[in-house]
Amino acid sequence: MAGIYIHIPFCTSRCVYCDFYSTTCGEKDKAYISALTNELRLRANYLQQDGQMPVIETIYIGGGTPSTLDTSLLEPIFEALFQTYNVSDRAEVTIEANPDDLTPRKIKSLHTLPVNRLSMGVQTFDDGKLRLLHRRHSGEQAIRAIHDCQDTGFDNISIDLIYGLPAQSLREWETDVDTALSLNVQHISAYALIYEEGTPLWKMRKRHVVEEADEELSLEMFSLLMCRLENAGFEHYEISNFARPGFRSRHNSSYWKGIPYLGCGPSAHSFDGRNRQWNHPDLNVYIDKVGKCFSSEDFNRAPWIEQEELNLYERYNDCIITSLRTSDGLNLSELKRKFGQPLTDYCLQAAAVHLRNGQLEIMEKKEQAPEGLLKLTRRGIFLSDGIMSDLLYVPD
């Protein structure tokens, strides 16, 4: 099985914290969709295994803001997907959306597409904080959009929240969490605000226009989030992700499990199980070059694609980082099968201090994991970055 990620690099405006590649909507929309559908058709062989096309179990349309596009521009994407790939009848098909794009008319048009999961960038329900972040919607718009999506028939809705916002109190964050729970969504992703170098937010902090939340407050907010959501019946299945039973993000879970995926669009990444590829980030280069490419052979030799061949240790490090982020943990039997006994021994030796300190644990053996599952404890989640770093292999 495999997944497909499609990058829509258009936004009506840029948020102050955004460091992803995107550009404003405009006259290049149609030219971009033409180039994108061309890439989808030309790159079908990337996912083939022994000459066979794998079943596509997940499709994720992200960005940018895909919901800024008219449905008529999304339809050709699905035509290319379903004509070219072996898409499962039960595939999870997600599209990212901003609340202000989700008018009743837009929601109904999205419901005519094969989309069965919405990922909505809410971030906060606090209007003052939304204005600070340069978000285009209000808290009330977000609530109304979620209700309208549910009324139209969407029953798998995820929302994104951000904590540690400038001047945000613990009580304000608690209100955001409680509001999210009251909306009966199926999935919540929550992230601490990051000040990426070069973003407007980073420059605002440098000029002391805003102050970063202190670490202790951020940890309190994360702790409150875990308690509230777990008490409400959500599974904390990945450090930043919570789902009601049966509603984990299958697409994102495939990344953490090392399942191959194809990424289409400028700056999109692909992974074939051993190596990574990524497209040139510039929209104009993408439209010009990809739009004029006529064969898979020419595409695969193209200078706008870069590739990184991962060695054994790099694949081991990827496995450590992705596996330990999840509640499923690191399957030690699989670790030994994929990377050998020496790297497995290295991992366990590095983990020993964290096992003694109660930050890691080895869960009882199961049929699929006779060697056990190495997992972060609740205490360990708060120190996850440092713990994972200790387990990585760094050559001398």
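Biologist: Why is Glu309 called exposed?

Modeller: Glu309 has a relative accessibility of 62%. A residue is exposed over 50% relative accessible area, buried under 20%, and partly exposed in between, with a 1.4 Å probe and protein chains only. The value for Glu309 is over 50%, so Glu309 counts as exposed. This is a predicted model, in which local features need pLDDT of at least 70 and side-chain atom pairs count only at pLDDT 80 or more, whereas totals for chains, interfaces and linings use all residues. Residues are numbered from 1 along each chain as its sequence is written, and side-chain values use heavy atoms, with hydrogens and water left out.

Biologist: Where does Glu309 lie, and what does it touch?

Modeller: Glu309 belongs to strand S14, residues 305–309. Strands (E, at least two residues) and helices (H or I, at least four) are DSSP runs, numbered from the N terminus. Leaving out residues up to four places away in sequence, Glu309 touches Asn275 and Glu314; contact means heavy atoms within 4.5 Å. The C-alpha atoms of Glu309 and Arg276 are 6.6 Å apart, although the two residues are 33 apart in sequence.

Biologist: How do you know that Asp318 and Arg276 form a salt bridge?

Modeller: A salt bridge requires a side-chain nitrogen of Lys or Arg within 4 Å of a carboxyl oxygen of Asp or Glu. The N to O distance between Arg276 and Asp318 is 2.4 Å, so the pair meets the criterion. Asp318 is in helix H12 (residues 312–324) and Arg276 in strand S13 (residues 275–279), so the bridge ties together parts 42 residues apart in sequence. Both partners are partly exposed, Asp318 at 25% and Arg276 at 22%.

Biologist: What makes Arg171 and Glu174 a pair about one helical turn apart?

Modeller: They are separated by about one turn because they stand 3 residues apart in helix H6 (residues 170–182). Arg171, at 53% relative accessibility, is exposed, whereas Glu174, at 17%, is buried. Arg171 and Glu174 also belong to a network of salt bridges with Asp178 and Arg228. The structure holds 20 salt bridges.

Biologist: Why do Asp288 and Lys292 count as a salt bridge?

Modeller: Their N to O distance is 2.8 Å, which is within the limit for such a pair. Asp288 is partly exposed at 30%, while Lys292 is exposed at 56%.

Biologist: What makes the largest nonpolar core a core?

Modeller: The term denotes a set of buried Ala, Val, Leu, Ile, Met, Phe, Trp, Tyr and Cys residues joined through side-chain atoms within 4.5 Å. The largest such set has 97 residues, and Tyr85 and Ile159 have the most contacts inside it. Apart from this core lies another, of 9 residues, among them Leu133, Ile162, Leu165 and Tyr195. In soluble globular proteins, nonpolar side chains tend to be buried together. Beyond its neighbours within four places in sequence, Ile159 is in contact with residues including Met120, Phe125, Ala180 and Ile188.

Biologist: How many residues line the second largest pocket, and what kinds are they?

Modeller: A pocket is an open set of points on a 1 Å grid over the protein atoms alone, with protein on both sides within 12 Å along at least five of seven lines; lining residues have an atom within 4 Å of a point. The second largest pocket holds about 230 Å³ of space. It is lined by 16 residues, those closest to its centre being His236, Thr326, Ser327, Leu376 and Ile381. The lining divides into 5 nonpolar, 4 polar and 7 charged residues, where Asp, Glu, Lys and Arg count as charged, Ala, Val, Leu, Ile, Met, Phe, Trp, Tyr, Cys and Pro as nonpolar, and the others, Gly among them, as polar. Strand S9 (235–238) gives the largest share of the lining, 4 residues.

Biologist: Is Gln123 buried or exposed?

Modeller: Gln123 has a relative accessible area of 8%, so it falls under 20% and is buried. Gln123 lies in strand S6 (residues 117–123), and its phi is near 70°, a positive value in a residue other than glycine.

Terms used:
1 Å grid on protein atoms, 1.4 Å probe; cavity = no way out; pocket = protein on both sides within 12 Å on 5 of 7 lines; lining within 4 Å. Points joined across faces, edges and corners; volume = space filled by probe spheres on them.
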